[in-house]
Amino acid sequence: MSAAVRPDEPQVEVTLCPGGPMLLRGATHVIDDDGRRVPVERPVVALCRCDKSGRKPWCDGTHKLLPLEI
Amino acid sequence: MLLPRARGPISTEVFASLLHAPPGVSTVPMPPGWPDHFEDPLEDEDLQVTLWALYELHYKGFEDVEDEWEWDAGMLAVRRELERSFEAALRTLAEPHVRAVVGGKGDLADRLFDLTEAFEGPELSAYLQRTATREQTEEFLALRSIYHLKESDPQSWAIPRLQPAIKSRLVELQFDEYGGGRPERVHQALYATTLERAGLDPAYGAYIDDVPAIVLATNNAMSLFGLHRRLNGAAMGHLGAFEATSSLPCVRYAAGLRRLGFGDDAAFYFDEHVEADAVHEQLALRGICAALALDDPSQEADIVFGAVICLALDVRFAEQLLGAWDSDANLLGPEHDGVPVPA
């Protein structure tokens with residue numbers, strides 16, 4: 001029998017999007033580059049992976065403006 | 001909200017019935033030549049306003065129309081006739097783009113991201129960021145109010161039709177659209193605040209008599225896709241393309257509002273969409289559209305169809321709005337009936 005996930009257990013799930021951000025489900029906060037504790041305020045958040053977002057730690061879609069290979 | 005003004009023979013007949021006849025005894029005559037007489041259904045003010053009003057019966061309805069009209073068989077028959085012309089025009093518009101994407105190599109989500117990035121249109125968001133006057137920005141906000149005050153509602157029709165894994169992704173996305181449990185953060189409410197701060201009327205449908213056919217068609221396409229189970233794929237494709245073309249323009253809209261001194265409260269709706277839609281585009285294209293096509297490959301063509309329609313109607317809207325501004329005219333106004341009037 002597989003280990004059942006109890007609904008009251010906190011679960012964090014990370015999804016890496018090809019060519020895009022990292023989706024984070026179930027997190028309560030993110031520690032950013034400067035050590036700031038940034039609260040998570042939506043059910044899923046997208047974390048910047050290209051380092052060019054104007055709203056880090058969050059993705060703002062800027063990766064789409066970058067050349068494919070950097 | 002009251003029934004909109006009629007814009008031609010069909011809406012005159014249909015609206016007269018809605019206002020004055022008892023539901024259940026529908027006596028709406030089909031105008032002669034119907035439906036072949038629509039030169040361009042997407043630009044037909046009469047067709048679009050009639051369809052918009054008939055769809056609205058399924059959302060909030062009208063204070064001056066009896067609720068029972070929503071399921072009046074005669075009125076549904078009229079709607080169906082209008083929809084046939086409308087959907088045929090949408091299919092014709094989308095066909096070349098759909099053909100280029102369907103059956104292509106690679107993951108459908110990647111192909112749809114590529115489609116949204118390659119789709120060519122005028123830079124409306126850049127114009128609003130750098131150049132637009134206060135009046136032009138207000139006009140843009142009013143034109144977009146028809147959708148943003150019912151934002152996400154047309155996509156909610158799809159929820160019961162999806163299998164559980166995909167349904168959970170759509171509900172996750174919609175939960176965020178509807179404020180994540182905080183009423184004041186419902187995106188519709190944020191847009192009402194934007195309108196209010198810009199000195200515009202935040203009431204639902206306040207500008208319905210003032211918007212041209214392209215704005216009605218944009219809204220009607222979402223209702224068409226949402227209300228027909230057979231078009232579920234198109235509804236999700238539309239959602240995906242909408243989300244994937246939102247974050248970057250919203251950065252520019254927010255900057256434009258701040259440039260003109262509208263203030264942070266007015267810009268907040270767009271700020272919120274920068275971050276929200278960077279998440280939503282991944283959920284919609286990967287978690288919903290690609291998963292839906294994997295689950296049922298026959299859905300792929302309609303998913304792409306919906307995505308193309310979102311992009312193509314957005315381009316038409318931008319062309320018409322920038323075209324009007326370029327000749328010192330407006331797209332918003334009760335008397336234009338599709339023809340830009342001098343400002």
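**Chain A–chain B contact.** I started with where the two chains meet: chain B puts in 17 residues and chain A also puts in 17 residues. For contact I took C-beta atoms, placed from the backbone, within 7 Å of each other. This is a predicted model, where local features need pLDDT of at least 70, side-chain atom pairs count only at pLDDT 80 or more, and totals for chains, interfaces and linings use all residues. Residues are numbered from 1 along each chain as its sequence is written, while chains are lettered from A in the order in which they are written.

**Chain B side.** I looked up which elements of chain B touch chain A: H4 (108–118), H8 (164–177), H12 (247–259) and H13 (264–295) each supply at least two residues. H13(B) gives the most, with eight residues. Helices here are DSSP runs of H or I with at least four residues, strands are E runs of at least two, and both are numbered from the N terminus. By type, I noted eight nonpolar (Ala, Val, Leu, Ile, Met, Phe, Trp, Tyr, Cys, Pro), three polar (the others, Gly among them) and six charged (Asp, Glu, Lys, Arg) residues on this side.

**Chain A fold.** I found five strands and zero helices in chain A. S1(A) (13–16) runs antiparallel to S2(A) (22–25), and four bridges join them. Val14(A) has Leu24(A) as its bridge partner. The two strands make a hairpin with five residues between them, and Gly19(A) in the turn has a positive phi of about 65 degrees.

Methods:
Pairing = 2+ DSSP bridges.
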